[in-house]
Structures are given as C-alpha cells and as structure tokens.
Amino acid sequence: MTASSTARTTTARTARPNGQWAVDGKAPLNHNEAWKAQDDGLSVRERIETIYAKEGFDSIADDDLHGRFRWWGLYTQRKPGIDGGRTATLEPHELEDRYFMLRVRVDGGALSTEQLRVIGQISTEFARGSADITDRQNIQLHWIEIENMPEIWRRLEAVGLKTTEACGDVPRVILGSPVAGVAKDEIIDPTWAIQEISRRFIGDPEFSNLPRKYKTAITGHPSHDVVHEINDLSFVGMVHPELGVGFDLWVGGALSVVPRLGERLGAFVTEAQIPEVWVAVTSLFRDYGYRRLRNKARMKFLLADWGPAKLRQVLQDEFLGYKLPDGPPAPPPTRSGDHVGVHEQKDGRFYIGAAPFVGRVSGPALTAVADLADSVDAHRIRLTPYQKLLVLDVPAEHVAAVVVGLRENGLEAEPSSFRRATIACTGLEFCKLAIVETKATAVSTIGSLEERLGDLTDLKPISLNINGCPNSCARIQIADIGLKGQLVMHDGEQVPGYQVHLGGGLASPDREEPGLGRTVRGLKVTADGVPEYVERVTRRYVKERESADETFAQWSHRADEEALQ
C-alpha cells in the first residue's frame, strides 16, 4: 500500500459525510454538487453560442442560468427598482433582470493598451458604457444581453482576453503585483508563473469542479501588494537565507461572513515550483474540501479543522510527493501597495498609479486611457487589488501630460487621502445580494470628507471600505472603517445603513500583524449619516491618539466604546 493510499484510508471520518471526495466519495450531497456532476460548468459555453444567443433569455435552462453561466463570468444583474428590504424575501428569478454582469478576467492585473481599448469598446457598444475595476483586478461590465455574448467573446479572445472561470466554483483570477517587472525595489518578478498557471490550468476540467471559489495571489514586491492574507493560496516573495530568492507559502485566507486570515505553512517555494505547488494545493482542496454545506466549503474551513502542519503534511505526502524546504516569513511590507502616484521604474521610465472613484470608470474612459498611453509610447496597463489603474513605461518628459490626461478621464494620480483609501463593492445598483447602495454613497462621502476634514493636513490615510451586504466583497473586516450594508432603525423606520467595523487591516509599514476589525454592540449608521460619523470618529481619534505615530487602527482597538459611537 502506498503512502498516499495509507494517508487517505486513515483520514478520520466524521459521523456525517462532509462531501470530501477523498474520504466520502463523489456522490453529490446537495443540488449544486448534483448539477456540477451532471454537466461541467465549462460545457455551457457551447449552449450559449448555439442556442441561448439565438433564442434569447427565455430559452436558458435554470441550472445554466443560475449555475454554469458563472463559469464564463456571467451573472444576472439586479432588476432596477427593487429596494434592499426585499433582497431576502424574493426568489432569485424575482430579483434578477434579463441583463447580465460580465466579468473580464485579468490575471495579474496585466493589460496591453490594445486589450484595454477592446474592453472599452465592448463597454460602449454592448454595456451602456458601464465598467468597474474590481478589488480583484478584473473589469466588470453590466447591461450585457445574452444575444451579444458570441461577438463579445470573439472580440476579447482576438486580443488574448477571456472570461473563463471568472466566477463559479473554480480557480478565480490570479492576483499579481501590478508593478511586476518594473519596480526598482522588486524582489522577484513572478509574471511567468502567473501566465503559466493561467495558460495551463484555467479552463482545465481537472480543476473546474472545486468545492467553492478558489482565490490565488502571487507577488514578488516588498509591499505585499496582493492582499495575500485573504486568499486561499498565496505566494509572497522573499529571500531565503540559504536558498536564495523565492516565495513564502500561505493558505486558507478568506473573509465573507466568517472571516479568517490565512496562515503560513512555513514552506519555501522557488519560482519554478509555483505551478506544481499551485496544482498540488488546488488538488488537495478539490479532493478534501467540504462540499456538503456551501457555507463551509472554502479552504479556510479545512485549514481551521486540520491546522497548517497537517495540511502541509498531506500536501507533501499525497499531492507533491516530496518535502518542501522550511522557510522564514517574508519581511514586513515596506510601503503602500496601492501604487498610487508617480514612481520611477528600474529602466528610468515611470509608472503612474491613479484612483477612480471606488473603481467606477466607463467604456469611453478606458478607451481614452488606452489612447493616452499609446500617444506617449506606453503600451502597458495594470489594475490593482485596490480598484486603481496604473500606466507603465511613461517617459519622463510625458509624465505631467499623462497625469493631466488621466485626471480628465476620471482617474486621479494625486488623490485626496479619502479618495485614495476608499473602496466599495457593486452594491444595490446591480447586485442581487445587496441590501444597500454603495458606489454613490462612497462618492458622496469622499466629497463630503474632503470638505469636513480638509483642515487635518497631517492625517494618514484612513481606509474606508463600503459593502452592500454581509459578504464582504469590499473587505470590510480589514479596513480602518468597514461598513457592512444592512437595514437600520432610524426614527422608528427601517432605512438603508451599515454596521460599523473598526481597526481592521493587513500587515503594512504601520502594522506589524494583520488583524480583523472590532465591532461595537449597536454601532450602526444610516447611509446618509456616513460622512458625519466618519468625521466624528476621525476627530476623536486625532484628539485622543497618544502620538502622531499611533494609527487609527491602534487607537480604535484600545478606545472605549463611547469614543467609537
């Protein structure tokens, strides 16, 4: 009997099957697992092109519409006019419109100007000009009609773009450092590894039926600019004292309604090993991840039960076939990872990072940015996990003109601290899960705070993350101020509002360890009251901080509850 089979047969079986393929077999234990087993999500592409695009929305089978479409980046969007109070009471078909959100996958956040221009043109022609840069380096379009998908795919794929596995129980977009290959302080450029994983394994049926979504992050930049602590699998660049340059291996991070920060496995991975280690960890999740209950099906729950030592052992014994060398942690982050502003590259040119308002751009703006970059012989664009956009390779003599050109198209390279540090999810405007609006609230809040707190010129950026529901797509638990959308009572009536989380954050130059924000019983704010609340708690922080070096997060964790109201 092999070591692999021994490990599998001795794995403890729980009283009730968890749907782990390696333990319980592959018999489906819920409806989602049943339709995935019946017909792989990738197969729906052919039906979209040959049936649904020709016969229209009403011809779409239910399990395709509400399941397999996600494998190709498609979700039905929310029907206009349905208030957030009805989100939990209506059935999906009552909430959804006949239009789709389409997520364009951008692994590593890397785009050419040609690719950006095509996305902009698709947005303008097929999506009513809509476009959002997400906090996972994708671009999302809205108002997509199923009849137009064959042509949209044709245009995207002609320039090397895809929507394959942009959503669904699959390997999602791979986060990568937006300044890979150009930053002067880069430790290692992992672009090859990101491209290799995307080329070989995205769309591979071996990995198209995972227990749930599966998120990867890879960076070789010392700012740790890919939020690695909240991904299922992460590789963080570092220098091993004996083995040289490589990566620290992390697993099991995710937020949502049960947040859990990832953990190091204490293993060192070389650049050449990244694809095979990715395959091994992904296969482990596929075979041992919990499938019976979808709310327990992420990697974080397996890590919580097993612990990092057992997970590493099973990874090495059953899926790699060799022991990874031990390694120390990566050094703490050296600077901000949003890359906003003007920065010199290693080749003497410059990259310019600019902030839209909470990721909201447009088709015409994207096309204009592509044209602007091309006009100064800069042909590479990057998206960031902070809803920002970078133009790479700008010659020194054109930096000022590009800064102005970006500003004219709604992207600011010299933003206020509030515009720079605020992100928001899609919210009630398009999302069927949302309870409250987010984007417009964020934009109005930024403007108000710029006026209200303009006198605090020495204030370090305070991150404000606004989410329309409990699922934390906008990462509310790791913000200085995180707002979780819900209905709140005000003057005896239910109105849109938020539960407040305070003092969360990932490791940074100002924070040695990542940590989740705290909540205070009863601390909620109406949507209209967000600017007033943020001003009030910020001024209280400035008044009570022990020194100019004490961060908002540090203060908010030690402050009395009264001070946080």
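Predicted model: local features only at pLDDT ≥ 70, side-chain atom pairs only at ≥ 80, totals over all residues.
**Exercise 1. Find which residues Q140 is in contact with, leaving aside its neighbours within four places in sequence.**

Step 1: Residues are numbered from 1 along each chain as its sequence is written, and side-chain values use heavy atoms, with hydrogens and water left out.

Step 2: Go through the partners. Q140 touches M101, L102 and R103, then S130, A131, D132 and T134, and also T426.

Step 3: Zoom in on R103. Its side chain makes a polar contact with the side chain of Q140, at 2.8 Å. A polar contact is a pair of N or O atoms within 3.5 Å; within protein, one must be able to donate a hydrogen and the other to accept it, and residues adjacent in sequence count only if both atoms are side-chain atoms.

Step 4: Place Q140 in the fold. You'll find Q140 in strand β5, residues 139-144. Strands (E, at least two residues) and helices (H or I, at least four) are DSSP runs, numbered from the N terminus.

**Exercise 2. Work out whether Q140 is buried or exposed.**

Step 1: Buried means under 20% relative accessible area, exposed over 50%, and partly exposed in between (1.4 Å probe, protein chains only).

Step 2: Q140 has a relative accessible area of 7%, so Q140 is buried.

**Exercise 3. Describe the setting of E550.**

Step 1: Look in the loop between α16 (530-544) and α17 (552-558); that's where E550 lies.

Step 2: The relative accessibility of E550 is 8%, so this residue counts as buried.

Step 3: A polar atom of the E550 side chain lies 2.7 Å from the backbone nitrogen of E546.

Step 4: Beyond four places in sequence, E550 is in contact with Y541, E544, R545, W555 and R558.

**Exercise 4. Step back: what does the secondary structure of the chain come to, and how much of the chain is buried?**

Step 1: Count the elements: 18 helices and 20 strands.

Step 2: Of the 565 residues, 60% count as buried.

Methods
Contact = heavy atoms within 4.5 Å.
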